Number of protein chains: 6
Amino acid sequence: MLTDMSPEDLANYRSSQVNPDDFDAFWTRTLAEAAGHDIDVRLTEVPAGLATVKIYDVTFKGFAGQDVRGWLRLPAGVEQPLPAVVQYVGYGGGRGHHLENLFWASAGFAHLQMDTRGQGSSWSLGATPDEGPSSAQVPGVMTRGILDPATYYYRRLFTDAVRAVDAVRSLDVVDADRVSVVGGSQGGGMALAVSGLRSDLAASAAFVPFLCDFPRAVRATDSYPYREILDYLKVHRGEQEQVHRTLSYFDGVNFAARATAPIYLSAALRDAVCPPSTIFGAYHVYGGPREIKIWEYNGHEGGGILDEEGALHHFRTQLKGV
Amino acid sequence: MLTDMSPEDLANYRSSQVNPDDFDAFWTRTLAEAAGHDIDVRLTEVPAGLATVKIYDVTFKGFAGQDVRGWLRLPAGVEQPLPAVVQYVGYGGGRGHHLENLFWASAGFAHLQMDTRGQGSSWSLGATPDEGPSSAQVPGVMTRGILDPATYYYRRLFTDAVRAVDAVRSLDVVDADRVSVVGGSQGGGMALAVSGLRSDLAASAAFVPFLCDFPRAVRATDSYPYREILDYLKVHRGEQEQVHRTLSYFDGVNFAARATAPIYLSAALRDAVCPPSTIFGAYHVYGGPREIKIWEYNGHEGGGILDEEGALHHFRTQLKGV
Amino acid sequence: MLTDMSPEDLANYRSSQVNPDDFDAFWTRTLAEAAGHDIDVRLTEVPAGLATVKIYDVTFKGFAGQDVRGWLRLPAGVEQPLPAVVQYVGYGGGRGHHLENLFWASAGFAHLQMDTRGQGSSWSLGATPDEGPSSAQVPGVMTRGILDPATYYYRRLFTDAVRAVDAVRSLDVVDADRVSVVGGSQGGGMALAVSGLRSDLAASAAFVPFLCDFPRAVRATDSYPYREILDYLKVHRGEQEQVHRTLSYFDGVNFAARATAPIYLSAALRDAVCPPSTIFGAYHVYGGPREIKIWEYNGHEGGGILDEEGALHHFRTQLKGV
Amino acid sequence: MLTDMSPEDLANYRSSQVNPDDFDAFWTRTLAEAAGHDIDVRLTEVPAGLATVKIYDVTFKGFAGQDVRGWLRLPAGVEQPLPAVVQYVGYGGGRGHHLENLFWASAGFAHLQMDTRGQGSSWSLGATPDEGPSSAQVPGVMTRGILDPATYYYRRLFTDAVRAVDAVRSLDVVDADRVSVVGGSQGGGMALAVSGLRSDLAASAAFVPFLCDFPRAVRATDSYPYREILDYLKVHRGEQEQVHRTLSYFDGVNFAARATAPIYLSAALRDAVCPPSTIFGAYHVYGGPREIKIWEYNGHEGGGILDEEGALHHFRTQLKGV
Amino acid sequence: MLTDMSPEDLANYRSSQVNPDDFDAFWTRTLAEAAGHDIDVRLTEVPAGLATVKIYDVTFKGFAGQDVRGWLRLPAGVEQPLPAVVQYVGYGGGRGHHLENLFWASAGFAHLQMDTRGQGSSWSLGATPDEGPSSAQVPGVMTRGILDPATYYYRRLFTDAVRAVDAVRSLDVVDADRVSVVGGSQGGGMALAVSGLRSDLAASAAFVPFLCDFPRAVRATDSYPYREILDYLKVHRGEQEQVHRTLSYFDGVNFAARATAPIYLSAALRDAVCPPSTIFGAYHVYGGPREIKIWEYNGHEGGGILDEEGALHHFRTQLKGV
Amino acid sequence: MLTDMSPEDLANYRSSQVNPDDFDAFWTRTLAEAAGHDIDVRLTEVPAGLATVKIYDVTFKGFAGQDVRGWLRLPAGVEQPLPAVVQYVGYGGGRGHHLENLFWASAGFAHLQMDTRGQGSSWSLGATPDEGPSSAQVPGVMTRGILDPATYYYRRLFTDAVRAVDAVRSLDVVDADRVSVVGGSQGGGMALAVSGLRSDLAASAAFVPFLCDFPRAVRATDSYPYREILDYLKVHRGEQEQVHRTLSYFDGVNFAARATAPIYLSAALRDAVCPPSTIFGAYHVYGGPREIKIWEYNGHEGGGILDEEGALHHFRTQLKGV
C-alpha cells in the first residue's frame with residue numbers, strides 16, 4: 001500500500017509551512033557567529049592499508065567553535081585538485097568506521113563524511129559530542145531545546161554542516177568550485193538545509209530527505225523520528241504553537257525556497273519514515289534546477305545504491321571536468 | 001513465567017559489581033562542588049484550588065548550581081513542623097502536574113517531588129533542562145557522557161537528588177530530623193543512591209529500583225532502559241570496559257553498601273525492566289536495617305499502591321511522631 | 001497521524017444511530033425495577049491513616065437489588081454538607097485501592113468511586129460480581145447477553161451507575177442538589193448514560209467516552225474493547241442486526257439527546273480506542289449545555305490530569321457554593 | 001526451541017499439585033446435585049442434506065439442570081447400536097456449525113459434540129449461556145468465580161461434560177458400554193476430568209490437554225489462557241493462596257489419579273499454551289492404562305489429524321466390535 | 001475497520017487490468033502441450049478405516065506430464081455415477097491428510113482434492129514437487145519465474161488444475177457432465193482460472209479468491225502473499241513493467257471475462273489478504289451467471305463453513321440430479 | 001541477554017552432529033560431475049565510471065554446468081597478478097549492484113562476488129536462477145529438496161561455491177596460489193563448506209556462519225532461516241530422521257573437520273539467527289589453523305566492518321606478498 005499520496009496528488013500538493021519573518025536574520029546571525037571561529041581543519045592519516053584510497057581522520061570547528069569529527073577519503077593516483085563531496089548521515093548514525101563507504105573516493109572525489117554531534121550510536125559509530133543544552137525532552141534529538149530556535153539541536157547541527165563545506169573548500173587537494181553535498185534521510189535534510197544556506201555549491205543531492213514540511217509530517221506519519229515530536233506534544237500539551245514556530249526555522253521547505261544549486265531529490269511511495277508529500281513540499285518550491293526520482297515500490301530505503309548512482313551522474317553532469 | 005531467578009536463587013545471589021578505589025573520593029568531590037552553591041530554594045504557591053493540600057512550585061540549585069524544579073505539597077490544617085518525603089521519578093518522567101500525586105501530603109507529610117533534568121517528556125511532564133554535555137549516545141540518558149564518570153548524566157542527576165534533601169531540610173515547615181526519600185524504578189535507584197550518600201535520612205524506600213548491579217543487568221534483560229547500554233556497546237564495540245568502569249560509580253550495589261537509613265525495598269518476580277536479581281544484588285549488601293517485599297505475580301509495576309502503603313507504614317514506624 | 005477525522009470533519013459529522021421506539025419505556029421499566037429495592041447504603045470506615053481524607057468502604061443495592069461496592073472519600077475539616085462527585089471507572093478496572101485517587105476529596109468533594117460489576121481485574125481492583133447471565137460471548141463484557149437488551153451486561157451496569165447517584169444523594173454529609181458525575185472511557189460512557197437517565201444532576205463530565213455511536217465505532221476502529229463486537233460478529237455471522245438493535249439501547253448518542261445537565265466532554269484526535277467521531281456523534285445531539293475539549297496530539301489518555309482539572313473547573317462553575 | 005522441558009526431563013518430572021481433602025466429597029456432591037435433574041435429552045434433526053451422515057441438534061440438562069446444547073452426528077447405513085464418542089471443545093469455541101467435524105460419524109461412531117457454556121464466540125460458534133455468577137474477573141472464563149470452588153466456572157463446565165456422557169448413554173442408537181470421550185486443549189482437560197469422574201468409560205483421549213498442573217503452569221508459560229490467572233493475581237495481589245486452592249479442585253493431575261479408562265494422551269515439545277510438563281504431571285499419575293504421544297516439532301496444534309487418527313485407533317483397540 | 005472499500009464503492013469499482021493480446025494463444029498453447037501427455041490417472045485405496053467414505057491416493061499427469069498428487073474421496077453406499085467436485089487448496093498448503101476434509105464426499109460427491117506443486121508444507125501437507133525452474137525470487141512461489149509468462153510458477157499450477165478436471169472426468173464413478181470446481185483463497189483463484197479455461201464445468205465456486213486484479217492488489221494491501229510481489233519489486237527496481245505483464249496472463253479478472261459456468265463467489269470486507277475490491281474486479285466482468293456473498297465482519301476466513309454450505313447449495317441448484 | 005551459551009559453556013561445548021559414512025564419496029561424486037563441465041568464465045566490463053576500481057559482469061558454469069553470475073572487481077593501478085577473494089552472500093541476497101561492496105578491490109584484491117542461485121530478491125539483487133527441482137517445501141530454500149541429499153538445494157549452491165574458486169583461479173590477473181574465501185551468515189556457511197571441500201585455499205574467513213550444527217540449531221533457535229526446518233517438520237510430522245540425515249551432508253561441522261586452510265571465524269553472544277554454540281560446534285573440530293572472535297554485545301550483525309577488517313588482516317598475514 002502507498003503510505004502517503006499517489007503520484008498525481010504529490011504533483012499537486014503544496015506545503016502549508018510558513019516562513020518566519022526573521023528566518024534569514026536568524027541564520028545569518030547563527031552562521032556569522034560560527035564563522036567567528038577559525039575553521040581549524042586538522043587531518044591525521046589513518047593506516048587503513050587500502051591500495052586505492054587514502055583515509056584521514058578530520059577535525060574542524062563547527063557550531064560555537066566546537067570540534068566536529070569526520071573522515072576524509074581521497075582516491076589514490078587521481079589528478080588533483082579534486083572535486084569534492086560532503087556527505088551527511090542519517091538519524092542515529094555517525095561518521096561510521098573509516099573502512100566503510102568507499103564509493104565517492106573510488107569515483108574520484110575527495111569525500112568528507114561529517115560526523116553527527118551527539119548521535120553516532122544507534123547504527124553507525126560517531127565521536128562528536130553535542131555540547132549544547134538538553135531541555136526536558138523525549139529520547140533522541142528531535143525535541144532537544146525545541147522551545148526556542150536558539151537552543152534547538154538542529155541549529156547546532158546545521159551550522160556544523162555548513163562549516164563542513166568551509167572545511168573541505170579549505171583543503172589544497174580540493175577544487176573549491178566543485179564542491180557538492182549529499183545525504184539520505186537526516187543527511188538529506190542537512191543537504192537541503194546547506195543548499196539553502198550556501199550559494200557556492202556546485203550541486204546537491206538529497207535522498208528521501210527528513211526534516212521537511214513539519215506541519216504535514218505530524219499528520220502524515222506516526223513513525224520515528226518525526227514521532228518524537230508527537231510524543232513530546234502528547235505530554236507537553238499546549239506547547240504545540242511554540243514547537244511548530246521553532247520547527248519553521250529548520251524546515252527543508254523554507255531552505256528549499258532559498259536554494260540555487262541544482263539538486264537531485266528522491267522520494268519513495270511506501271516510505272512511512274519520510275512521507276513523500278513532505279519531500280514534495282520542499283521539491284515544489286526549490287529555488288534551483290531540480291529533479292526528483294520517485295521509487296514506487298520502496299520504503300525509506302528509497303533507491304539505495306541507485307540513488308547514489310543517480311547523484312554521481314548528477315554531479316558529473318553539473319561539475320565541469322568530473 | 002519468572003523473568004529472572006526463583007526466590008531461592010535470589011536469596012543466595014550476590015552481585016559481582018566492583019567497588020572503584022576512588023568511589024568515595026569521587027562522590028565527596030562531586031557533592032562538595034554542588035554544596036559550593038547556595039541551595040537557594042524558591043517557592044511560589046500554585047492556585048490549585050484544593051481544600052486540603054497546598055501546592056508550591058519549587059526551584060533550588062542542584063548540580064553545578066543549576067536550577068532544578070519540583071513541587072512541594074503540604075497538608076492543610078496539620079501541625080507543623082512536618083515530617084517530609086522527597087520523591088524521585090521513574091525514567092522518562094518529570095515532576096508531572098501539580099494536581100497529581102496527592103498521597104504523601106494527604107498522609108501528613110511535606111512532600112517534595114523533584115523534577116528530573118532533561119527527562120520529563122515521555123510519560124509525565126518535566127521542566128528542568130540538563131545542561132551538561134551530550135556525548136555520542138543512544139537516545140535517552142543512559143549513555144549520555146558514559147565514557148567518563150565525570151561527564152556521566154547520572155552524576156548530575158544524583159547530585160540533584162542529594163541537594164533536594166538539603167532543599168527540603170531547609171524549609172521552616174519541615175522537621176529536618178524526619179526526612180525520608182522514596183521512589184520507584186529510576187526513582188528507586190535515586191533513593192538508593194541518596195541513601196548511600198547521606199547519613200541524615202530518617203528512612204528510605206525504593207520500589208523495584210533501577211540502576212543496580214549493572215554487570216548482572218546487561219546479561220539478565222533486554223528491556224529498556226538497561227538496553228540503552230546494550231545498544232551503545234553493540235555499535236561502540238570495544239568500549240565495554242570503559243563503560244562498565246563508569247557505571248560502577250553509579251551502581252546501587254555500591255551505594256547500598258554505604259547506606260545506614262532503614263530501607264523498604266521491593267522486587268517483582270516477573271519484572272523484565274528491573275530484574276529482581278539486580279535488586280537483590282543491592283539488598284544483600286545494604287548497610288542499614290532492611291526489608292524487601294517480593295511481588296510474585298507482578299512485573300515492573302511491582303506492588304503499585306501497596307508499595308506506597310508499605311513505605312508509609314515503614315516511615316511511620318521509623319519516624320518518631322508521625 | 002490522526003486516527004479518525006480532522007477537526008473540520010468532526011464539526012460536520014452526525015451519527016446515524018437510531019432511536020428505538022421503546023427506548024424510554026425500556027429504561028423507565030429497568031430503573032423502576034431497581035428502585036423497587038431499598039438503596040441500603042452501608043458504610044465502613046477504612047483505617048487508611050491519612051491526615052486530610054477519610055475513607056469508607058461503601059455497599060449499596062444496584063441492579064436487581066444486588067450489592068455494588070465503592071469507596072467514599074471525604075475531605076477532613078471541610079464544612080458540610082458537601083458537593084459530591086460520583087466517579088465511574090474505565091474498562092477492565094474496578095474501584096481500585098482505597099488509597100488511590102485522592103483528587104476529588106482533596107478538592108473538597110464527597111467522592112464516591114463506584115466499583116464495576118464483574119470487571120476490576122485487568123488494571124485496577126474490583127470486588128463486585130456480575131450476577132447476570134453470560135451468553136455465548138467473546139471474553140470481556142461487551143457481548144455478554146448481547147442478543148437482547150434485557151440481558152445485556154450494560155443494562156445492569158448502567159442501572160448500578162444510576163443507583164450510585166441515589167446512594168450518594170442519600171448521605172447526610174452530601175448536599176443532594178450538588179451531585180455531579182464524572183468518568184473517563186467506559187466511565188465516561190457511564191457518565192453520559194446517567195446524564196441521559198437522571199434529570200437531577202448538577203453537572204457532568206465525560207473524558208474520551210466509550211460506548212458511543214456504535215454504527216460508527218464498528219467501522220472506525222479495530223481496537224478493543226469495541227473490537228469485542230467485531231470478534232463476536234465474525235463468528236456469529238448473521239446476528240449483526242440483532243446485535244446492533246441491542247446496542248442502540250445503550251448508545252451514548254441516544255442518552256446524550258435526553259440529557260440536560262451541563263457537560264464537559266473531551267476527545268483526542270489520535271485516539272484509536274474511542275475514535276473522536278463517535279464522541280462527536282454524542283456531542284452534537286447533547287440536550288444540555290455542552291463544551292468539548294479537543295486534544296490534538298493525544299491518544300486515549302486524552303487530557304489526563306488536565307481533563308480532571310477541566311472537570312473541577314466546570315463543576316465549580318456549575319455548582320453554587322463550591 | 002523447546003518451550004519447556006526436554007523428553008528426558010519430562011520423563012522424570014512429577015507435579016507438586018496437592019490433593020484437597022474434600023476433593024472427592026466436593027465432586028460427589030456436585031454431580032449428585034446435577035443428577036437430581038432429569039437429563040431430558042431433546043433431539044431435532046437438522047436438514048443438513050448430507051448423504052452419509054445424519055445430524056441432530058441436541059439439548060440436555062447439565063449443571064443445575066441448565067440446558068446445554070450440542071450436535072449429534074450419526075453415520076447413515078451403519079448397524080446400530082453404535083459405539084459413541086463425546087467430544088469437548090477448545091477454549092473460546094463452541095459446538096461449531098453442524099456441517100463441520102464429520103470425522104467421528106464417518107468413522108462409524110455416534111458423535112456428540114458438546115457445546116461450551118458461555119464460550120463459543122472466539123473461533124467457533126456456541127449457543128449455550130453460562131448462567132452462573134461472574135465475579136470480578138479477567139476477561140475469559142479462567143478466573144470467573146475463582147475465589148471459591150463452589151462458584152468457579154469449571155465446576156459448571158465439568159459437570160456439563162459428565163452429563164453429556166449420561167446424555168449419550170441414554171440414546172437408543174448408542175451402545176452404552178462403548179462410550180468414549182475425546183478432546184483437545186480445553187477439550188482435553190475436560191476429557192481428563194470426565195475420565196476421573198466416571199468409571200464407565202470405554203476409553204478416553206486427550207490431545208495437548210489444558211487445565212493440568214496449575215502450580216507448574218503459572219511458572220512455565222505466559223501464554224493465554226493460563227495467563228488469565230497471572231493477570232488476575234497481578235491485580236489481585238494477595239489472593240494467590242485462595243486461587244490455587246480453588247484450582248486444585250479442577251486440576252487434571254488430580255483427576256488423572258482417579259481415572260481408570262485407558263487413555264491416549266499427547267503433548268508437544270514446542271507448545272507454549274499447554275507446556276508438556278503440565279501434561280506429564282497428569283500422565284505420570286494417571287490411574288488407568290496410558291500412552292502418550294510426543295510431537296517433537298509441534299506447538300499447540302499437537303498432532304492435529306494424526307492425534308485424531310491415533311484416538312480412532314486407540315478406541316478401536318479398546319472397544320470391542322468397532 | 002474496513003480494510004478496503006465500502007459495499008457502495010465495491011459495486012462501482014472496475015479493474016484496470018489489461019488483456020494481453022496473446023492471452024488466449026498463450027493458454028491454448030500451454031494446455032495443448034499438457035494435453036499431449038496422457039492423463040494417466042492412478043488410484044490406490046488408502047486403508048482409512050472409515051465407515052461411510054472410501055479414500056484413494058491419486059496421481060495424474062499435470063503440466064509437462066509431471067505427476068500431480070491428490071486424494072479422491074467417495075461416499076459409500078451412494079448411487080453412481082456421482083457428481084464430482086475438484087477442490088484446490090490455499091497458499092502454502094497441499095492436499096493435506098486423507099482423513100481431513102470429509103465434507104464433499106459426505107454430501108454425496110466424488111471429491112478430488114488436488115495437491116499443490118512445491119507447496120504443501122506451511123499449514124497442510126503436500127507431496128508434489130514443482131519441477132520447473134526457480135528464478136531469483138522472494139521466498140514463496142509468487143515471484144518464481146515471474147519475468148516471463150512461460151516460466152511463471154502459476155502457469156504450471158493452473159495447468160495442473162485444468163488437468164485435474166480431466167482426471168476426474170475420466171473416472172468411471174463420475175458423471176462427466178456434473179463436474180464442478182471449488183476453492184478458497186489461492187484455491188479460489190485456481191477455481192476462477194479453471195472457470196476461464198474450461199467450458200465444460202457444471203458450476204464453480206471461489207471463496208475470497210486470491211490472484212485477482214494485480215494492479216489493484218499491489219496498492220490495496222501489504223499482506224502476504226501479494227506482498228511477495230512488493231518485496232520483489234522493492235529489490236528488483238525497474239522490473240515492474242515486466243512483472244505486471246507476466247501477471248496479466250494469470251489474473252482472475254482476465255479469466256473471469258472468459259468464464260461461462262455459473263459461479264458462487266464470496267468476499268469479506270475486513271480481508272487484508274485478498275482485498276474485496278480485487279475480487280469485485282473479477283466479479284464485475286464474470287462471463288457466466290454469478291452471485292457474490294459479502295461477509296461484512298469477516299477477514300480472510302470469509303464465510304468459512306457457510307461458504308462451503310453456500311457452494312453446496314449452489315451446486316445442487318446447478319447440477320441436475322444432485 | 002545472551003541468546004545462547006556463555007563464553008565458558010561455548011568453550012566446552014561439542015556438537016553431536018554425525019558424519020555420514022558416504023559423506024566424502026557424496027561430495028567427490030558431486031564435484032566431479034560439476035568439473036565435467038568446462039568452467040567457461042565470461043567477463044564483460046561494466047561502464048561503472050569509477051576512478052580506482054574496474055568492474056566486470058562474470059558468468060561461469062556451476063552445478064550441472066548451469067550458469068552462475070557474479071561481479072569481478074579489480075583495483076586500478078595495482079601490480080598483477082593479484083591475490084583474490086571469493087565472497088559468498090547471506091541468505092536471501094544475491095550479488096547485489098556492481099557499485100556496492102568496493103572494500104576488497106580497494107584493499108588490492110581481485111574480488112569475485114558470487115551470486116546465489118534462486119535467491120537475490122529479499123535484500124540484495126541476484127540474477128541466477130535455481131534450475132533444480134523444488135519439492136513440497138516451506139517458502140525459502142532451506143527445505144527445497146530436503147528429503148534426499150542428492151536433490152537438496154545446498155548441494156547445488158555449495159557446488160557453485162567450489163566452482164567459483166576454480167573460476168577465479170583461472171583468471172590471468174589472479175595469482176592462483178593466493179585465493180581466499182570469505183562470507184557472513186549463509187556466506188560464512190559457504191566459506192566453511194568450501195574450506196572443507198578444497199585443499200588449495202590460501203585462507204578462509206567466516207563471519208557468524210550459518211548452516212552449522214543442525215542438531216543443535218533446531219533446539220537453540222526459533223529464528224529464520226533455521227526455522228524453515230522447524231516449520232517443515234511441524235507439518236511433515238515423521239520425516240525428521242530423513243531430514244536430519246540430509247542435513248548432515250551439508251553441516252559446517254562436518255566440513256570443518258576436513259578443512260586445512262587457516263580460518264578467521266566470528267560469533268556473537270546475542271545472535272539468535274546463528275546461535276554461537278552452533279558456530280563453536282564447527283570451530284572446535286576445525287582441521288586447520290583457527291581463530292575465533294567473540295562479539296559480546298552483538299547480534300547477527302556480528303563485528304560488521306570489524307569482521308571484514310579482521311579478515312583483511314588475517315589474509316594479509318596468511319598470504320605472502322599481500
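**Chains and helices**

Modeller: In this predicted model, chain A and chain D do not touch, and their nearest C-alpha atoms are 27 Å apart.

Biologist: How do you know that chain C and chain F do not touch?

Modeller: Contact means heavy atoms within 4.5 Å, and chain C and chain F do not touch by that criterion, their nearest C-alpha atoms being 27 Å apart.

Biologist: Why is α2(A) called oblique to α4(A)?

Modeller: Helix α2 (residues 23-35) and helix α4 (residues 153-169) of chain A pack at an angle of about 60°, with their axes 10 Å apart. Angles under 35 degrees count as roughly parallel and 65 to 115 as roughly perpendicular, and the rest between them as oblique, so α2(A) is oblique to α4(A). The crossing of these two helices is right-handed, and the residues that make the contact include A:Phe26, A:Trp27 and A:Leu31 of α2(A) together with A:Tyr154, A:Phe158 and A:Val162 of α4(A).

Biologist: Turning to chain E, what is the reach of helix α2, from its first C-alpha to its last?

Modeller: Helix α2 (residues 23-35) of chain E has 13 residues and reaches 18 Å, close to the 18 Å expected at 1.5 Å a residue. In α2(E), E:Phe23, E:Phe26, E:Trp27, E:Thr30, E:Leu31 and E:Ala34 are buried. They cover an arc of only 115° around the axis, and therefore lie on the same side of α2(E).

Biologist: Which residues are exposed on the other side of α2(E)?

Modeller: Those are E:Thr28 and E:Ala35, exposed meaning over 50% relative accessible area, whereas the buried residues of α2(E) pack against α4, α5, α8 and α9 of chain E.

Technical notes
Residues are numbered from 1 along each chain as its sequence is written. Chains are lettered from A and ligands numbered from 1 in the order in which they are written. This is a predicted model: local features need pLDDT of at least 70, side-chain atom pairs count only at pLDDT 80 or more; totals for chains, interfaces and linings use all residues. Side-chain values use heavy atoms; hydrogens and water are left out. Helices (H or I, at least four residues) and strands (E, at least two) are DSSP runs, numbered from the N terminus. The expected span of a helix is 1.5 Å times one less than its number of residues. Buried means under 20% relative accessible area, exposed over 50%, partly exposed in between (1.4 Å probe, protein chains only). The arc is that of the directions from the helix axis to the C-beta atoms. Axes are lines fitted to C-alpha atoms, for helices over the stretch in contact, and angles run from 0 to 180 degrees between N-to-C directions. Angles under 35 degrees count as roughly parallel, over 145 as roughly antiparallel, 65 to 115 as roughly perpendicular and the rest as oblique. A crossing is left-handed if the near helix is turned anticlockwise from the far one by less than a right angle, and right-handed if clockwise.
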